[in-house]
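Good morning, colleagues. Please take a moment to look at the sequence and the structure on the screen before I turn to the details.

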Amino acid sequence: MTEQTLILVKPDGVERGLTGEILRRIEAKGYRIVRMRMLTATDDLLARHYHEHTEKSFYAGMTAYMKSGPIVAAVIEGDRVIEGVRSLSGATEPTAAAPGTIRGDLGRDWGDGEIRNLIHSSDGAESAAHEISVWFD
C-alpha cells in the first residue's frame with residue numbers, strides 16, 4: 001500500500017550540507033520525493049506542527065533550534081514509507097543511533113545539551129497527514 005510521509009531536513013542538516021546525502025539515502029531505498037521546499041520556520045508553523053508539545057518544558061528550545069536556519073521539507077511516497085523512513089533515520093539521540101542510519105552515520109552530540117538530530121519524519125499515518133498539511137497547505 002502506497003503511503004506518504006513528511007520529512008524535514010532540520011537546520012543542522014542544511015547548515016552542514018547534508019540535505020543531498022539525506023535525500024539520496026531515502027531515494028536509494030526506493031522511495032520517491034513528490035514535493036519539496038526550503039523555508040525558514042515561523043512560530044505559527046512550528047506551533048501547528050508541534051501542537052502536542054506547546055506546553056512542555058523543551059518546547060522553547062526545540063522551536064529556537066528549528067528557527068535557527070533553513071529547513072528542507074519533503075513529502076516522500078512509497079510502500080510502508082512511514083516505517084521505512086523512520087528506520088532509515090535511526091534513534092532520536094544521534095550518539096545512540098545505529099551505524100548505517102542517517103543519525104548514526106551523520107549525527108553526533110555537540111556537547112551543548114541540545115539534541116540536533118538532522119531529520120524529522122512522521123511517526124504514523126495520522127501525524128503524516130497532519131504534518132503534510134502544515135508544511136504544504
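The largest pocket of this predicted model holds about 730 Å³ of space. It is lined by 26 residues, and those closest to its centre are Lys10, Tyr50, His53, Met62 and His120.

Which elements supply at least two residues each to that lining? They are α4, spanning residues 59-66, α5, spanning 81-89, β4, spanning 119-121, and α7, spanning 125-135. The largest share comes from α7, with 4 residues.

The protein contains 7 helices and 4 strands. Read from the N terminus, the order of these elements is β-α-α-β-α-α-β-α-α-β-α.

Next, the overall dimensions. Along the principal axes, the C-alpha atoms fill a box of roughly 40 × 35 × 25 Å. The radius of gyration is 14 Å, which agrees with the value near 14 Å for a compact globule, because that is what the rule gives for 137 residues.

Considering contacts with a separation of 6 or more, 76% join residues 24 or more positions apart. Of the 137 residues, 49% count as buried. The protein exposes about 7,100 Å², and carbon and sulfur atoms supply 50% of that area.

Thank you for your attention.

How values were computed. Residues numbered from 1 in each chain as written. Predicted model: local features only at pLDDT ≥ 70, side-chain atom pairs only at ≥ 80, totals over all residues. Heavy atoms only, no water. 1 Å grid on protein atoms, 1.4 Å probe; cavity = no way out; pocket = protein on both sides within 12 Å on 5 of 7 lines; lining within 4 Å. Points joined across faces, edges and corners; volume = space filled by probe spheres on them. Rg over C-alpha atoms; globule rule 2.2 N^0.38 Å. Buried < 20%, exposed > 50% of the residue type's maximum accessible area, 1.4 Å probe, protein only. Contact = heavy atoms within 4.5 Å. Areas by Shrake-Rupley, 256 points an atom, 1.4 Å probe, with all protein chains shown as cover.
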